[in-house]
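Hi everyone, thanks for making the time.

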Amino acid sequence: MSKAVLKGGVLALALALAAHAAMAQPPLKATVIHWWTSGGESAAIRQFADAFNKAGGQWVDNAIAGADQSRAITTNRIIGGNAPTAAQFNTSRQFRDFVQEGLLNNVDDVAIANHWDQVMPAAILDAIKFNGHFYAAPVDIHMPAWFFYSKPAFRKAGIAREPQSYEEFLDDLARLKAAGLVPLAFGGQVWQEKITFDAIFAMVGGPDLYLKVYRDRDQQALRSEAFRQVLVKFKRLKAFVDAGSPGRNWNDATAMVVSGRAGVQIMGDWAKGEFSSAGQVAGRDFGCFPGFGPHAPYVVAGDAFVFPVTESRDAVKAQKLLANVLTAPAAQVAFSARKGSIPIRLDVDDSSLDLCARLGLAIIKDKSRQLPNSEMLTTPDVNGELQDVLTKFWNKDQSPEDAQKAFARVMKG
Amino acid sequence: MTTPAIARPRRLQLVAYFALLPMAATALFAYLGTIFWSARISFSGSRTFPSYDFVGLAQYVRLFDNERWLLSLQNVFVYGALFIVATLVIGFLLAVFIDQKVMAEGMLRTVFLYPYAMSFVATGLIWQWILNPELGIQNVLHKLGFAGARFDWIVDQDMVIYTLVIATVWQASGLVMALLLSGLRGIDEEIWKAARIDGIPRWRVYVSIVLPMLGPSLSTAFVLLFVMVVKAYDAVVAMTQGGPGTASEVPAKFIMDYLFNRANVGLASAASMVLLATVLAIAAPLYFVRSRAARSGRES
């Protein structure tokens, strides 16, 4: 074969390829790492994948079991130079180091074009915005401190209404105990102990103290009598858990409420998946309330996707398309209906959501009730050390004073 | 006993060294290289990502100020001692048992070795259920009518570490059995005959003659078990997640937690350096004694 022919062939091939590319734009490929692997979760994420594919993208799913594992793989892939197009984190400070190292693209265009500032709750915006730039696309709001109770169990114990105060709640737990039930379905793992503590803290300590402690790291507040009372009241729940609680998984604890063997569980709204897969309906078989009384704070947490810096130009386009798709109202509602969360925007039609989610969405519209999750205010490192402090206090015979001192010491840094 | 050195052609030797190169490179870069790198990181203030600033001994100070780390170290010593002794004893007894030319030896060997072949992530969960007072043994005893029976170690601050010992001994005994069994099979029949003529009881032969002869197998088993103790992680995560509270925390879990969940690579590196130093402090004298024993054995 002569050189000229070879050259001609290559040229022809190149032209053909270019023509093909111009005719049918190849779909924007997006590799997405996330940890949604259970039945309900994968049904939920499929809503996003379908919407993205319909919008001209090609969703490459990278589901990794376990949130810690998933985040570790994201970190490793970014360091290793093989960054995914998008990766899941909690709406928290988990990805702040990534932002500071300049490893994430911002999605300012999408955020401004879609008025994120107006439609999303402030706590979510605070968690994804750094120096005025938007570094993540939030996809859901989970409230980690719902109270789920079994209606048959409440009836058996003769409890007529949902408790309106912490004292009333403790009375109800005592009644459940007297009726021969496990009052509080509890999983004794550090993160569950922490979210239970935060729930009680927000409820009985009040939003002011909560913010002073977690956001301002105010030593005076940390050493106050009011904060000591929070610890004391948290520990009072210990009398209402069963002996098998240490190490129990959250879904096993939920199963106790589903079966009516236990009365109440304090857990995030993801627990609804367990009820619905057992064929139970909110309001009929089980009830939910996000705290005591009409002014209880609503703790805001959730998930978000970040968009790592990559070499290819197409990746940035795919990232913007993703950010658009993930936060669009229709996909938001379709996702949350399956995930058990509530949408991140308050301007959606909630008729397809369940009773608890509708209640949550109504509450969160009241700005004064929004309270950021503690993980949005503390680093993963500090959050972990607080878990150590609380698990010791919960499990050991430690005085509230000592636990308070240890808590204050961690917050001092 | 001395073996005369056989003079090999030079070329062959070169080839041998060449063949060793990949392994040498792996050892140098993958093992030593990462150790030095971890050491460097342990003096930095690294968070999610490794950084190369210098904070002196700050991470080590924080480490030894950390109650959970100190408890982890204490736990691994208690756990390690019990686990190694129990596994060696049970493994030896199992090997002796099988060595009695019992029926269905092949099947029994498989049964005893099987736990080792299974992932502890799965079996740990089963152990968790068996030991859970509301689901497992205690519950069964209560249902059988023994209302006062208590077996709730796994939820007991002071006893939980022993449940880890029980579960992991169950897992590793089969391995020790297999190792020692092959050692036992290597023992000369003549020794047994001689002992029988002298009228020595069987147990005495095992304890005074066979056991010392199993030295190499035992020390292999010991090294394998020792490594298992240092990396103890999956059993803890599957069974107790370090709880109740922090009662069953181990160093490997501490390191993993800080490396990933808690995004503090600096502190995790400092912890792994301390763990490495501890291991060396225990392993180096043992190694020294062994190599001296081996050398004097060769010279005599």
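**A helix pair, and then the wider view**

Let's start with H2(A) and helix H16, residues 329-339 of chain A: their axes are 7 Å apart, and the two helices pack at an angle of about 170°. Because of that angle, H2(A) counts as roughly antiparallel to H16(A). Please keep in mind throughout that this is a predicted model.

Which residues make this contact? On the H2(A) side they are A:Gly40, A:Glu41, A:Ala43, A:Ala44, A:Gln47, A:Phe48 and A:Ala51. H16(A) answers with A:Ala331, A:Ala334, A:Phe335, A:Arg338 and A:Lys339. If you sort the residues of this contact by class, you get 7 nonpolar, 2 polar and 3 charged.

Now let's zoom out to chain A. It has 20 helices and 12 strands. Its C-alpha atoms fill a box of roughly 95 × 45 × 40 Å along the principal axes. How does its radius of gyration sit against the expectation for a compact globule? For 413 residues that expectation is near 22 Å, and chain A has 24 Å, so the two agree.

As for the interior, 51% of the 413 residues of chain A count as buried. Looking at contacts in chain A with a separation of 6 or more, 77% of them are between residues 24 or more positions apart.

Let me pick out one residue for you. A:Thr75 belongs to helix H3 of chain A, residues 67-79. Is A:Thr75 buried or exposed? It counts as buried, because it has 22 C-beta neighbours inside 10 Å, and the cut-off for buried is 20 or more.

On to the domains. The assignment for chain A gives domain 1 as 27-142 + 302-360, and domain 2 as 146-300 + 371-412. Taken over C-alpha atoms, the centres of these two domains of chain A are separated by 28 Å. Where they touch, domain 1 of chain A puts in 21 residues and domain 2 of chain A puts in 20 residues.

Which elements of domain 1 each supply at least two residues to that side? They are helix H2 (39-54), helix H7 (122-128), strand S6 (136-142) and helix H17 (355-364) of chain A. So our friend H2(A) from the opening turns up here too. H7(A) gives the most to this side, with 4 residues. By class, the side of domain 1 of chain A that touches domain 2 has 7 nonpolar, 11 polar and 3 charged residues.

Now over to chain B. Its secondary structure comes to 13 helices and 0 strands. Along the principal axes, the C-alpha trace of chain B spans about 75 × 65 × 30 Å. Of its 300 residues, buried ones make up 33%. Among contacts in chain B between residues at least 6 apart in sequence, 68% join residues at least 24 apart.

Last stop: where the chains meet. How many residues of chain B are in contact with chain A? There are 24, and they touch 24 residues of chain A. Helix H12 of chain B, residues 251-261, gives the most to chain B's side, with 3 residues. That side of chain B divides into 7 nonpolar, 11 polar and 6 charged residues.

That's my tour, and I'm happy to take questions.

Key: Residues numbered from 1 in each chain as written. Chains lettered and ligands numbered in written order. Predicted model: local features only at pLDDT ≥ 70, side-chain atom pairs only at ≥ 80, totals over all residues. Contact = placed C-beta atoms within 7 Å. Nonpolar A, V, L, I, M, F, W, Y, C, P; charged D, E, K, R; others polar. Buried ≥ 20, exposed ≤ 12 C-beta atoms within 10 Å, placed from the backbone. Rg over C-alpha atoms; globule rule 2.2 N^0.38 Å. Domains from an automatic or database assignment. Axes fitted to C-alpha atoms, helices over the stretch in contact; angles between N-to-C directions. Parallel < 35°, antiparallel > 145°, perpendicular 65-115°, else oblique.
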